[in-house]
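Open the model in a viewer and keep the sequence panel in view. The stops below are given in the order in which to select them.

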Amino acid sequence: MRIRIVDAFTDRPFAGNPAGVLLLNDADAFPDDTWLQNVALEVNHAETAFAHPLPQGGEADWALRWFTPATEVAMCGHATLATAHVLHTTGAHRGPVRFATRSGVLTATPAEDGSFTLDFPTAPLTPVALPDGLAEALGTEPRAVFDTGPAIGDLLLEVTDEKTVHGLAPDIRALAAHSRRGVIATARAEDPARGYDYVSRCFFPNVGIDEDPVTGSAHTALAPYWSERLGRPDLTGLQASSRSGRVRTRLRGDRTLLGGRAVTVIDGELLA
């Protein structure tokens, strides 16, 4: 079968977040979980997405699952964007595509410029006390700490400023003790004239990802957090990893729209 590597939340190769994408032919079920996990480990990117078509007339068009090299996850934005990109560039699907996932039905809508808008559930934010040892593991004292709910499974930490976000060098192993998936560190943009309103970095040791390059699901928590503080529903976030990427966010109550582009960089054949 065909296997693609797609860079998501970017308009150029070798930036954004790479994801493996496999479109499966079986319309009834996914292959064995062990095989899915082994493929994701072989691809060895933050996520590999597996999708198969569903019968017409249902609430969704394709079933979709995501695996890191270590485990299956409940939600992934960049691999959903990558899958929608592959469906449209190969002609496997036209128009908006509805994905049946562990997080409900998620929709990806194409635009004329080649970008996509993803419709995801907004993460609930609950303020919590700073766990003992977290500031030491992160390398800075957060201004505020929020739990992002069971679907995301992260702690959202606002730190002092953008420079602090860029300079983080956390103890990844120590961070693993403090959340189900990991930690989102964020700050207001130093200069919005640069084209983004807030900056973030994401560390996910509990799913085998020390630092994720660009995380769509994290922006379902970042969007409500910064929209409330900046007083605007439409924002752009910069995820300041070494690859970097930008995510357009629009808050719509219990739904968050995530906008971005994707680029296929490898198109090959899986023989196993």
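Two strands count as paired if DSSP finds at least two bridges between them; helices (H or I, at least four residues) and strands (E, at least two) are DSSP runs, numbered from the N terminus. This is a predicted model, in which local features need pLDDT of at least 70 and side-chain atom pairs count only at pLDDT 80 or more, while totals for chains, interfaces and linings use all residues. Residues are numbered from 1 along each chain as its sequence is written, and side-chain values use heavy atoms, with hydrogens and water left out.

Select residues 126-127 and 144-147. These are strand 9 and strand 10, antiparallel and joined by two bridges. Pro127 faces Phe146 of strand 10.

Ala144 has Glu158 of strand 11 as its bridge partner. Which residue in the turn of this hairpin has a positive phi? Gly149 does, at about 90°, and six residues lie between the two strands.

Next, select residues 219-230, helix 6. Is this helix largely enclosed or largely open? Nine of its 12 residues are buried, so helix 6 is largely enclosed by the rest of the structure. Here buried means under 20% relative accessible area, exposed over 50%, and partly exposed in between (1.4 Å probe, protein chains only). Among the buried residues are His219, Leu222, Tyr225 and Trp226. Gly231 follows the helix and has a positive phi, near 75°.

Now show the cavity. A cavity is a set of points, on a 1 Å grid over the protein atoms alone, where a 1.4 Å probe fits but cannot get out; lining residues have an atom within 4 Å of a point. Of its 14 lining residues, Glu47, Arg181, Asp212, Thr215 and Ser217 are the closest to the centre. Helix 2 (77-89) and strand 14 (209-212) each give two or more residues to the lining.

Move to His45, in the loop between helix 1 (33-43) and strand 3 (47-53). His45 is partly exposed, with a relative accessible area of 26%. Its C-alpha atom is 28 Å from that of Gly95, 50 residues apart along the chain.

Finish at Ile266 in strand 18 (residues 262-269). Ile266 counts as partly exposed, at 48% relative accessibility.

Methods. On a 1 Å grid over the protein atoms alone, a cavity is a set of points where a 1.4 Å probe fits but cannot get out, and a pocket is an open set with protein on both sides within 12 Å along at least five of seven lines; lining residues have an atom within 4 Å of a point.
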